[in-house]
Amino acid sequence: MATAKGATTIVEQTAEKGLKTGALGLVSSVVMGVASTAPAYSLAATLGLIVVVVGLGAPVVALLAFIPMLLTSIGYSELNKADPDCGTTFTWAARAFGPRTGWAGGWAIVAADILVMASLAQVAGQYLFLLFGADGIGSDPTSGWVLFVGVVWIIAMTYICYRGIEVSARLQRVLLGIEIVMLLVFSVVALTRVGTGHHPAGSVTPSISWFNPFHISSFSAFVGGLILMLFIYWGWDTAVAVNEETKDKEKTPGRAAILSTVILLVTYVVVILAAQSFAGIGTTGGGLANPDNSGDVLSVLGSAVFGSSGIGTFLARLLILMVLSSAAASTQTTILPTARTTLSMAAYRALPPAFAKMHPRYLTPTVSTIVMGAISIALYIPFNYLSGGNIIYDAVTAIGLYIAFYYGLTGFACAWYYRKNLTSSARNLFMQGILPVLGGLIMYFFGGWSLWLDWDVATENSYTMWTVPGLGWQIGGTFVIAFVAALVGLIVGIYMRFAYPAYFRKQTLTRSTPTLVPDES
């Protein structure tokens with residue numbers, strides 16, 4: 001192994017990064033990947049918006065959005081075999097395309113993870129009050145009490161990540177178990193009630209036409225639905241981000257990533273089919289397209305599906321607990337990969353060396369973990385008050401651009417990294433070249449389309465907008481957030497270029513450089 005000492009020399013060193021190797025098996029890695037997407041939270045927050053865009057086509061959109069995710073996960077798996085580094089896209093893109101591209105990929109991961117934290121904390125705060133019947137507080141996302149609980153939530157999840165990967169993995173198994181079981185129970189009960197005639201007036205009998213994309217009103221609506229689905233699937237790459245803490249780190253993380261996407265596909269299609277059939281897509285009452293339900297369809301459907309007395313009340317409360325645990329799981333598994341990305345960036349001197357400091361007992365990145373939690377809180381508090389809290393929703397939408405960028409970049413990096421190996425076999429041509437590139441192209445198409453939607457206020461893709469002084473241009477708040485996040489990344493990158501130039505001079509990371517490690521702290 002090697003590491004950089006100073007700005008110009010590379011010194012061999014036998015120390016490891018300091019992460020706890022062999023701590024996770026295949027099951028734990030899959031749990032990390034699935035839990036990081038927060039299926040219940042993602043469905044609760046996004047399903048209503050998807051139905052508004054594509055109507056009864058939500059199941060086929062969930063099915064088709066899986067394709068670029070699967071193709072991208074293949075690229076992750078192939079690159080991880082060659083270089084199981086916790087920096088993932090940052091490391092691989094730097095090896096394939098150079099330091100600037102690698103740095104941009106690393107920053108995209110960090111930006112996406114930080115931008116989503118405010119929403120996760122807010123949902124966790126709301127659902128805690130809803131769980132105990134304090135609906136007046138829980139129904140107000142900008143409540144000071146919700147903000148307080150959200151901040152405490154981030155602190156608690158940051159501490160768990162700080163304490164060690166095994167503690168995190170054990171908690172994730174419990175939280176994900178509750179989540180998947182309750183989603184299954186919800187789906188079975190909802191479909192049973194539709195099948196036996198015990199359903200509300202707006203219910204719709206499932207139809208094969210729901211899986212026909214040509215029944216969606218327009219191509220624009222189809223793409224808009226797919227873009228929203230990117231957010232619902234996003235997060236499975238956490239299974240690869242913890243690769244250096246996994247048994248058989250060259251193979252297990254990649255397999256876990258692919259398995260995670262398949263599990264998510266089955267979960268989403270079943271739950272969406274059940275929810276859409278039971279609630280219908282009406283704009284009133286419990287209909288999924290009702291704007292009053294768009295931010296949280298599952299808590300609204302809970303009482304309707306399970307009933308409001310006896311065991312029904314218990315199950316409805318358990319459904320709320322499920323969404324709360326989903327937000328908790330995602331908060332934790334958002335901090336984990338970000339801390340490991342910045343750890344790897346610091347190891348190669350793409351970030352200040354302090355981010356590579358490790359806890360001698362817990363074997364976790366200390367500064368990287370704490371800074372991630374601190375920045376999340378620092379953004380959540382002002383986001384809660386700006387524009388009535390609507391900036392939080394725009395921040396979540398802005399994530400789509402960064403997801404498409406670094407997922408797609410990984411697909412391209414895979415093909416370029418293995419370019420001399422592609423003709424050696426049909427398997428390599430497809431698994432290392434054609435499929436990852438196809439996934440990258442689809443991702444970049446989605447990213448470009450979402451960029452236009454975010455810019456144009458007329459698309460109503462943003463809850464807020466910004467008027468350019470002197471010009472009168474009205475720009476969507478989502479685009480502004482994405483642009484500011486990119487601008488901050490550019491500024492930090494320029495600072496690093498002059499303060500720690502070794503990485504940008506290709507002195508610490510190239511295609512032939514061994515996986516580097518940070519100095520012991």
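Is glutamate 78 buried or exposed? Glutamate 78 is buried, at a relative accessible area of 2% (buried is under 20%, exposed over 50%, partly exposed in between, with a 1.4 Å probe and protein chains only). A quick note on the model: it's predicted, local features need pLDDT of at least 70, side-chain atom pairs count only at pLDDT 80 or more, and totals for chains, interfaces and linings use all residues. Residues are numbered from 1 along each chain as its sequence is written, and side-chain values use heavy atoms, leaving out hydrogens and water.

**View 1. Glutamate 78 and its salt bridges.** Arginine 427 meets glutamate 78 in a salt bridge at 2.6 Å, N to O (a Lys or Arg side-chain nitrogen within 4 Å of an Asp or Glu carboxyl oxygen). That pair links distant parts of the chain, 349 residues apart: arginine 427 sits in α16 and glutamate 78 in α3 (helices are DSSP runs of H or I, at least four residues, and strands are E runs of at least two, numbered from the N terminus). Glutamate 78 also bridges to lysine 81, with the closest N and O atoms 3.2 Å apart. Lysine 81 is partly exposed at 37%.

**View 2. Arginine 95 with aspartate 83.** Their side chains meet in a salt bridge at 2.6 Å, N to O. Arginine 95 is in α4 and aspartate 83 in the loop between α3 and α4, so the pair ties together parts 12 residues apart in sequence. Arginine 95 is buried at 6%, and aspartate 83 is buried at 3%.
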